[in-house]
Amino acid sequence: MDMVAGKVKMTQQSVNSTMNPTDLLERPIRLTAKDVTVHYGQKQALHGISIQIPDRAVTSFIGPSGCGKSTFLRCINRMNDTIEGAKVGGTIKLDGEDIYDPALDVVELRARIGMVFQKPNPFPKSIYENVAYGPKIHGLARNKTDLDEIVVSSLRKAGLFEEVKDRLNEPGTGLSGGQQQRLCIARAIAVGPEVILMDEPCSALDPIATAIIEELIDELRENYTIVIVTHSMQQAARVSQKTAFFHLGNLIEEGVTEDIFTNPVNKQTQDYIMGRIG
Amino acid sequence: MNALIVAALLLVLLGVSYQSGWSRSRNLVTADGVKVHSRPQYHGSYVAIWAMLPALAILALWAWFGGDLTHSYTVSQIPQDILLGLDQTGLNGTITRIDALASGYGVTGEIQPFEQSAGDALRSFQMLTFVGVLLVAAVAGGAALIYARSRVTARLRARNAVERVINIALLACSAVAILTTVGIVASLVTEAYKFFTFINPLDFFFGTVWNPNNAGTAGNWGSYGLLPLLTGTLMITVIAMLVAVPVGLMAAIYLSQYAHPRLRAVAKPMIEILAGIPTIVFGFFALVTVGPFLRDLGNLVGLSINATSALTAGVVMGIMIIPFVSSLSDDILNQVPRTLRDGAYGLGATKSETIRNVLLPAALPGIVGAFLLAVSRAIGETMIVVLAAGNSPVLRGNPFEPVATITVSIVNQLTGDTDFAGPQSLVGFALGLTLFVITLCLNVVALYIVRRFREQYE
Amino acid sequence: MTDTLSNTHAASLERTKLVRAGLRRRHMSEAIFRGLGLAAIVMALGFVALLFIDIGRKGIPAFTQSNLHLTVTFDPAVIEVGPAPARADFTSEAEYNAANLGWQREVALLNWNTIVEQAMRAAAPAGLDIDSRTLLTIPETDARHRIRALFVENPALLGQTVDVDVLASANATNWIKGNIDRSLGDAQQQLAAPARTLIDTLVENGTISNGFSWSIFTNVDSRAAPASAGLLGAFVGTLWMMLIVVALAVPIGVAAAVYLEEFAPKSRLTDFIEVNINNLAAVPSIVFGLLGAAAFINYMHLPISAPIVGGLVLTLMTLPTIIIATRGALLGVSPSLRQAALGMGASKTQMVFHHVLPVTFPSILTATILGIAHALGETAPLLLIGMKAFVAQVPTSPFDQATALPVQIYLWQGNENRNFFEPRTAAAIMVLLAVMICLNGVAIYLRSRLEKRA
C-alpha cells in the first residue's frame with residue numbers, strides 16, 4: 001500500500017503519526033462495530049458502542065480506567081467468551097463478516113485478529129517455542145525450515161531478533177519486561193494476523209522500553225490494522241491516527257487523533273484531555 | 001471424686017488469688033491516685049499465675065510419682081512370707097483385692113486377715129497422702145499468693161509479665177509439633193537400633209525373604225528381608241497412581257476449565273466426600289466388592305486374578321487418592337495466572353490446546369509436587385492394604401497375586417503387646433523407620449517444589 | 001516486504017485456508033479432551049455413588065434382626081439357690097457387697113440353659129424330636145444371660161412364668177434372611193437340619209419375627225454371642241478419644257498457630273518449625289501409631305488398649321491440620337484490623353486475643369470439626385497401641401480398655417461367620433459414616449451461620 005514511503009526513523013519524542021485526515025478517511029474500513037453492549041452478570045459494562053476501525057492504521061482507545069475501553073477491545077477477538085457470565089450484544093463485522101455469527105469459528109477468528117496483553121505473558125517455554133507456538137497449532141508451517149523462517153522473521157519484525165538470536169532456546173520468561181512484550185508481539189505476528197489488538201501494552205514497562213514498543217507499533221502499521229488501548233493520552237497522540245474516547249461504558253467521541261486532541265467536540269473529552277477527569 | 005475435689009480446690013485458689021490481685025490493684029488507684037501501669041485484671045491474673053504455678057507443680061509431681069509410691073506402700077503391707085510365695089500375676093491379684101477392700105467395695109471369696117489389715121492401712125495411707133499433698137499444694141499456693149500480692153504496686157508491669165507468661169505458653173504449644181517429630185524419630189531410631197542388634201541391617205535392607213519366626217528364639221529368629229515388602233508397596237503405589245492421576249487430574253481440569261459453575265458447585269464437594277471416607281471403609285469395599293468383581297472380570301477375559309491382590313488394593317487406593325490429586329491439581333491450576341491462558345486464546349488456541357500446551361506445562365512443577373504428595377500417601381496407606389492386598393510377603397512381580405507391604409507387616413508384627421524384646425515386634429520399628437524416611441523425603445521434595453511454584457506466580 | 005509473511009491479501013487468504021484445513025481435526029481433539037474430562041468426573045462421582053450404594057445395600061438389612069418371643073418359666077427345680085442377701089442383714093457395705101457377689105456367683109453357676117431349653121420346647125410344636133444341643137443353636141447363646149439377669153434383678157421371679165424376647169442366633173438369622181444359600185447340602189450348612197425345620201416352623205407360628213436391631217446400638221461387642229454384638233463399647237471408646245482430641249488438639253493447635261503467625265520472630269527456627277509442621281501433616285498415620293506404642297505405652301507405661309493413648313496419638317496426628325488451618329485463617333485477617341487495634345493502644349497480645357482470634361473463629365471451628373472427623377475414622381495407629389483387643393465392656397474412663405468404631409469395623413470384617421458379619425460390618429460402617437456426615441454437616445452449617453453473623 002502507499003504508506004508514507006521512506007518514513008524517517010524518529011525518536012520517541014517525535015514519533016510522528018500525523019497523517020493527513022483525508023488520507024485516513026479514505027482508508028478502507030476493516031472493522032465495523034454496531035451497538036455493542038457487554039454485560040458481566042447483572043452489571044452492564046458497555047452501552048451500545050458503534051465505531052469503525054480503518055485498515056492499516058493505528059486506532060487508539062483512551063479514557064479513564066474502568067471506562068470499558070479494554071472490555072470493548074476484548075470483544076473484537078471474542079476474548080470475552082473466556083470470561084464466565086459475560087454477554088455481548090450488537091454486531092462486530094470484520095470485512096463485512098459478523099464475528100459473533102454462531103457459524104464462525106472463534107479459533108479462526110483469533111488467528112486473524114491477534115492480541116497483545118497489558119502484562120507481558122510469555123509462555124513458560126523457550127523464546128523459539130513462544131513464537132513458533134501459533135504457527136504450530138494453526139498448521140501454518142509445512143516443515144521445520146518454514147517454521148524457522150516464520151520465527152526469525154517475526155522476531156525481526158518485532159525488533160527483537162538481534163537481541164535474542166544467540167539464545168533462542170532459553171526461556172522467554174528470562175527476558176526483560178520490554179523484551180518480553182516484544183516477544184509477545186512477535187508471537188502474535190507469527191500467526192500472520194490482519195488485525196492486532198493491544199491492551200495497554202506499555203503499562204508495565206519503563207519509559208525506554210515504552211519508546212521502543214511505540215516505535216515498533218509505528219512500523220507495524222504498514223502491514224497491520226492495529227487497535228491499542230492506552231491510559232496515556234501522550235501515547236495515543238504519538239502512535240495513533242484515529243482516537244476514540246470512552247467514558248463510563250460509552251463511546252463519547254471518536255475521530256482523527258489530531259482533531260480529538262486539539263479540537264475535541266465533546267465537553268467530557270475536553271475535560272479528560274485537560275486532566276480534569278480521569 | 002478425688003479429681004473433682006482437686007479441681008474444685010484449684011478453682012477456689014484461682015478465684016481467690018485473682019480476686020486478691022484485682023482488689024489490691026483497685027485499692028492502689030483509690031489510695032494515692034498515682035497512674036497505675038496495668039489494669040486490675042492483669043494484676044489479678046498476675047497473682048493468679050503466681051499462686052497456681054507452685055500448686056500445679058506439686059500436684060503434677062504427685063501425679064507422676066504418687067502411683068509408684070502407693071504401689072510400694074501396698075507391697076510393704078503384705079507380710080513377707082506371703083509376698084515370697086507370690087509370682088507377678090499373684091501379686092497383682094492381691095494388690096487388686098487390697099485396693100478393692102480399701103475403696104470399701106467388697107471382694108468375692110474368703111478375705112484373708114492380712115488382706116483386711118493391708119486394705120485398712122492402705123485406706124488410711126491414701127487418705128493421709130491425699131490430704132497431705134493437698135495441704136502442701138495449698139500452702140505453697142498461698143505463700144506464692146501472698147508474695148505476689150505484696151509485689152502489686154502501681155509501677156508493677158503486670159500486663160507485660162502476664163503477656164510474657166502467655167507468650168511462653170504459646171511457644172510451648174508450638175514446641176509440641178517439634179517434640180512430636182523428635183518423639184517419632186527418637187522412638188523409631190532407638191527401637192530400630194535394638195532390632196538391628198538382632199538382625200544384620202544388610203540382611204534387612206537387601207534380604208529377599210520375609211519370613212519372621214514369631215515363636216522364634218535366639219538363633220532362630222526367621223528372615224526379615226525388606227525387598228518383598230518394598231516391591232509390594234511400590235507395585236500397589238504404581239497401580240494406585242495409574243488410577244488416581246489420570247482421573248484426578250482430568251477431573252480437576254474439567255471442573256476448573258470446562259464445567260458450568262453449577263456443576264462445579266455440586267461435583268466438587270461430592271468428589272471431596274471421597275476424601276473424607278475413612279480408609280477402613282475403602283478397605284471393606286475393596287475386600288467384599290472390588291476384589292470379587294476384579295476376580296470375575298479376570299475369569300471373563302481368561303486372566304487369573306486373585307480377589308485379594310496388588311491390583312485390588314491398588315485400584316481402591318487409587319480411588320481414595322482421586323480427590324487428593326484433584327483438589328491439589330485444582331489449586332495449582334488456579335495459581336497459573338490468567339494472562340497466560342489469555343495469551344494462548346489470543347493466538348487462536350483452542351481450549352484444550354491452551355490447557356495442554358500452556359496451562360499444564362506452566363503448572364507442571366506444582367502438579368509434580370502434588371503427585372509426590374499423593375505417592376507418599378499411597379505408600380503410607382495401611383487399612384486398604386491390610387484388608388485387600390492378601391498379605392503374601394513373597395517377592396514377585398505379578399499384580400494379580402496377593403502381596404504384602406511395609407505397612408501391612410508393621411500391623412502384623414506389632415499387635416499392641418508391649419513386649420519389645422525380640423526382633424519379631426521390633427522389626428515394626430525398622431519398617432516404620434524405612435517408611436518414615438521414604439515418605440519424609442517425598443514430602444520434603446514435594447513441599448519444596450510446591451512452595452517454589454507458589455512463589456513463582458506470586 | 002516479500003518474505004513469506006507479507007500481509008498481502010493473497011497471503012492472508014492462503015493462511016486462512018491453512019487454518020481452516022486444521023480446524024476439523026483440532027475441534028475433534030478438543031471434543032475428545034473435553035469428553036475425557038467429563039468421563040473423569042463421571043468416574044469419580046460414580047465411585048462415590050457405587051461405594052455408598054454398595055455399603056447401603058449390604059448394611060441396611062443388618063439393621064433388622066430375628067427375635068424369639070419365648071415364654072420362660074423360672075423353674076425352682078432348676079434354680080436351686082438361696083434367697084438374695086438383704087442389705088439390712090449386714091453391718092457394713094463391704095460385707096453386704098461381698099455376700100451379694102457370692103450369691104450372684106452361685107446364681108451364675110446354675111444351668112440356665114435348661115431354662116432356655118424348656119422355653120424353646122414350649123414354643124416348638126408338641127412332640128418334636130430334637131436334641132437339646134441342636135435346639136440351643138437357635139436362640140443366641142446370651143439368652144441364658146438375659147434370663148439370669150432378669151432373675152438377679154428380681155429374685156421374686158422364682159417359680160413364675162414371664163414372656164421374654166431373646167435374639168435368634170447369628171446362624172439362625174442367616175438362615176431366616178437367606179444370607180446363606182438354602183439349597184446347600186447339610187455339610188455346608190451352619191445349622192443342623194432339624195434346627196432349620198424348627199426355625200421355619202417358628203417363623204410361621206410367629207415365635208420368631210424380625211425387628212429393628214437395637215442391639216447394634218445398645219450392646220457391646222461379643223464373641224460368644226455374635227448376634228448380640230453391638231457398637232456401644234466402641235462408640236464410647238471413640239467418644240473418649242474424641243474428647244481427649246478436642247481437649248488437647250484444639251487449644252494446643254490454636255495456641256501454636258497464634259504463636260507462629262503472630263508472635264514468633266521470623267527466624268530459621270520458626271522456618272524449621274513451619275517445614276516441620278507441614279511434613280508432620282503428611283506423615284503416614286501408622287507412624288503415629290508406632291510413636292504411641294514406643295513412647296506412650298513402652299516408655300511412659302500408659303495402659304495398653306486405652307482411649308487415653310489412642311486420644312493422645314490422634315491428638316498429635318490432628319495437631320498439624322489444626323495448626324495449618326488456623327494459620328491460614330489468621331493470615332486472612334486484614335492488616336487494617338490489626339492496625340486499628342494497635343492504633344487504639346492495645347498490646348500485641350490484646351490485639352490477637354481481642355480482635356484477630358474472634359474473627360477467625362468460624363474457620364478454626366470448621367477446621368477442628370473436620371480434623372476430628374478425620375481422627376474419628378483413623379484405624380491404623382489404633383491397631384498398634386492394642387486397641388484391636390477384644391473388649392466386652394463399656395469403658396467408664398479413658399484409662400479402661402476399649403476399642404473404637406473403625407477398629408470394631410476392622411474386627412468384625414475379620415470374623416469367621418462371614419454370612420452374619422459382612423452385613424453387620426456394613427451396618428457399622430453406615431453408623432461411622434453417619435457420624436462423620438453429621439460432623440461435616442455441622443461444620444458446614446456452623447461456618448455458614450457464623451460467617452453470616454460476622
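When I say domain here, the bounds come from an automatic or database domain assignment. Keep in mind that this is a predicted model.

For chain C, that assignment gives domain 1 as 64–212 and domain 2 as 232–453. Taken over C-alpha atoms, the centres of domain 1 of chain C and domain 2 of chain C are separated by 44 Å. The two do touch: five residues of domain 1 of chain C and four residues of domain 2 of chain C take part in the contact. On the side of domain 1 of chain C that touches domain 2 of chain C, two residues are nonpolar, three are polar and no residue is charged.

Now the helix. H16 of chain C, residues 405–413, is mostly covered, with nine of its nine residues buried. Among them are Leu405(C), Pro406(C), Tyr410(C) and Trp412(C). The buried set also includes Gln408(C) and Gln413(C).

Next, the cores. How many residues does the largest nonpolar core hold, and which of them touch the most other members? The count is 306, and the residues are Ala251(B), Val316(B) and Ile384(B). Helix H9 of chain C, residues 232–263, supplies the largest share of this core, 18 residues.

Take Val316(B) as a case. Leaving out residues up to four places away in sequence, Val316(B) touches Phe282(B), Phe285(B), Ala286(B), Val290(B), Ile384(B) and Ala388(B). Ile384(B), one of these partners, was also on the list of residues touching the most other members.

Definitions and conventions: Residues are numbered from 1 along each chain as its sequence is written. Chains are lettered from A and ligands numbered from 1 in the order in which they are written. This is a predicted model: local features need pLDDT of at least 70, side-chain atom pairs count only at pLDDT 80 or more; totals for chains, interfaces and linings use all residues. A nonpolar core is a set of buried Ala, Val, Leu, Ile, Met, Phe, Trp, Tyr and Cys residues joined through C-beta atoms within 7 Å. A residue is buried if 20 or more other C-beta atoms lie within 10 Å of its own, exposed if 12 or fewer, and partly exposed in between; C-beta atoms are placed from the backbone. Helices (H or I, at least four residues) and strands (E, at least two) are DSSP runs, numbered from the N terminus. Two residues are in contact if their C-beta atoms, placed from the backbone, lie within 7 Å. Ala, Val, Leu, Ile, Met, Phe, Trp, Tyr, Cys and Pro count as nonpolar, Asp, Glu, Lys and Arg as charged, and the others, Gly among them, as polar.
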